[in-house]
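Colleague: I am new to this model and would like a close look at a single part, the surroundings of the ligand. Please take me through it in one connected answer.

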Amino acid sequence: MIPARFDYVRPGSVEDAVRALAGGGDDARVIAGGQSLLPLLRLRLAFPDLLVDVGGLSELRGVRETAGSLEIGALTTIYELTRDPLLTAHCGLLAETATLIADPAVRHRATIGGALAHADPAGDLPAVVLALGGSLLIRGPEGEREVRAGDFFTDYMTTSLSPGELLVAVRVPRLGGDWGFRYEKFRLTAQSWAIVGVAAVARRSNGHVAEARIGLTNMGSVPVRATAAESAAAGAEASAAALREAGSRADEGTSPPSDLRGSADYRRHLARVLTGRALAAAAGAS
Amino acid sequence: MNHVSMRIDGVRYDDDVEPRLLLVHYLREVAGRTGTPVGCDTSNCGACTVLMNGVSVKSCSVLAVQADGAEITTIQGLANGEWHPLQRAFHEEHALQCGYCTPGMIMAAADLLRDNPRPSEQEVRDGLEGNLCRCTGYQNIVRAVLRVAGEMAGEQAGAAS
Ligand SMILES: Cc1cc2nc3c(=O)[nH]c(=O)nc-3n(C[C@H](O)[C@H](O)[C@H](O)COP(=O)(O)OP(=O)(O)OC[C@H]3O[C@@H](n4cnc5c(N)ncnc54)[C@H](O)[C@@H]3O)c2cc1C
Ligand code: FES
Ligand code: FES
């Protein structure tokens with residue numbers, strides 16, 4: 001279908017973009033890669049009056065190193081995440097997960113900022129940024145603020161972004177060599193979304209898991225931490241059996257959806273099994 | 001109306017368009033590149049794949065205004081006097097039946113070989129995961145792409161010796 005009419009501007013700077021968004025209020029919408037927004041417009045599920053195209057803002061593209069962390073510009077494409085040398089070296093979880101998202105043509109346009117701002121519960125990156133303990137940098141008319149990932153996703157496809165605000169970057173910690181990681185994505189066909197996904201990072205010390213953080217995809221209306229499994233994994237032996245046991249607590253406190261691709265019970269089962277696998281891989285367990 | 005200017009298959013186009021016009025409709029209805037079909041409304045099928053500034057995109061999922069200033073290559077710009085090796089291989093390996101997916105499949109394959117000139121069979125399958133074919137079962141498509149990769153490698157080896 002053909003989208004309904006809208007006006008379109010392409011600001012030349014972040015300041016101009018924020019001004020255009022603030023001027024447009026509730027009826028203005030950011031467009032970055034357009035890979036989620038254009039299908040919505042084509043199906044006439046969204047009716048913005050104004051699209052503010054931030055795609056040309058090259059200052060928001062690319063990965064930088066800051067003290068102890070990496071700052072990923074909101075317009076960095078999913079394709080770029082798969083290839084970025086800083087991410088590959090210090091945040092392999094993000095680089096590896098990016099290879100599992102959509103398909104090459106979509107990855108060339110889709111951006112990390114769009115994936116997070118869209119906040120689809122089946123999207124892979126929200127749970128990854130949550131597991132990493134990342135935060136989001138947001139620019140608005142009042143200046144810049146930083147929001148922790150756990151506070152950013154507020155409800156089904158809803159974030160703490162207000163109209164007039166632009167997500168400018170994602171900050172994730174640099175993980176040292178004692179950390180391992182794994183994203184387990186469960187899907188039945190190529191190029192499809194996760195029925196359930198599990199992002200795990202684990203620090204290993206003396207054959208044991210010293211610390212683990214786990215983010216779950218599609219186990220509720222927002223990405224959630226599997227806190228019971230995290231506590232169970234902390235101090236556990238880095239063995240497949242011990243971590244399978246810790247993983248069996250992954251669905252505690254979650255309320256997964258039931259839909260055409262799986263019932264809530266099926267998703268709980270997947271979360272338990274996949275968490276055991278993700279922890280074992282992250283901890284290098286044999 | 002917004003002004004757009006882009007090069008399509010080496011020819012420059014300048015037009016005033018509505019912001020809601022999709023690139024695929026601009027290509028087909030304004031620039032006459034009807035070789036690029038539309039197959040779905042959900043960005044899934046890949047039939048509309050073209051190269052934008054050298055990399056594959058789904059032209060149904062780009063606004064014409066977002067492509068302002070871009071270099072676009074469609075299936076109609078791939079041949080250079082004679083068939084592109086991928087076009088020849090698709091023909092000879094029987095990699096199409098109805099042909100609806102073929103323009104997008106070939107453009108996605110061209111992007112795949114740019115990114116990874118020596119793909120394994122699995123890498124070909126992964127690289128083409130955004131392109132659906134409802135006729136062939138993919139077997140001959142994968143064969144055609146691997147054949148071109150092999151030919152390219154052979155040419156390089158030949159040039160080096
Ligand atoms: C065929 C297909 C398969 C897919 N499969 C997967 C998958 O397996 N896993 C997965 O995780 N994702 C998948 N996706 C989704 C894809 O990752 C997202 O569409 C993409 O990352 C969104 O980024 P974008 O730049 O295209 O955002 P856009 O479509 O431009 O924007 C999406 C939303 O975010 C807002 N927005 C964008 N950027 C900003 C910003 N900087 N500040 C504030 N708001 C902003 C927009 O206003 C809009 O509401 C798939 C998409 C397609 C089309
Ligand atoms: S027409 Fe189906 S992906 Fe573009
Ligand atoms: S040949 Fe018919 S869809 Fe591929």
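Modeller: A polar side-chain atom of A:Asp124 is 2.8 Å from a nitrogen atom of ligand 1, which makes a polar contact (a pair of N or O atoms within 3.5 Å; within protein, one must be able to donate a hydrogen and the other to accept it, and residues adjacent in sequence count only if both atoms are side-chain atoms). The model is predicted, so local features need pLDDT of at least 70 and side-chain atom pairs count only at pLDDT 80 or more, while totals for chains, interfaces and linings use all residues. Residues are numbered from 1 along each chain as its sequence is written, chains are lettered from A and ligands numbered from 1 in the order in which they are written, and side-chain values use heavy atoms, with hydrogens and water left out.

On the oxygen side, an oxygen atom of ligand 1 is 2.5 Å from an N or O atom in the side chain of A:Ser36. An oxygen atom of ligand 1 also lies 3.5 Å from a polar backbone atom of A:Ala102. Ligand 1 exposes 970 Å² when taken alone, and the protein buries 95% of that; these accessible areas come from the Shrake-Rupley method with a 1.4 Å probe, and for residues only the protein chains shown count as cover.

How many residues surround ligand 1? There are 30, where a residue is near a molecule or strand if one of its heavy atoms lies within 4 Å of it. The closest are A:Val30, A:Gln35, A:Ser36, A:Leu37 and A:Thr111. The surrounding residues come from chains A and B, so the site is shared between chains.

Some of the shell can be assigned to helices (H or I, at least four residues) and strands (E, at least two), which are DSSP runs numbered from the N terminus. In chain A, strand S2 (28-31), helix H7 (112-118) and strand S10 (166-173) each supply at least two residues of the shell around ligand 1. H7(A) gives the most, with four residues.

Elsewhere in chain A, strand S13 (residues 208-217) has seven of its 10 residues buried, so this strand is largely enclosed by the rest of the structure. Buried means under 20% relative accessible area, exposed over 50%, and partly exposed in between (1.4 Å probe, protein chains only). Strand S12 (residues 196-205) of chain A pairs with S13(A) in the antiparallel sense over nine bridges; two strands pair if DSSP finds at least two bridges between them. Across this pairing, A:Arg203 stands opposite A:Glu211.
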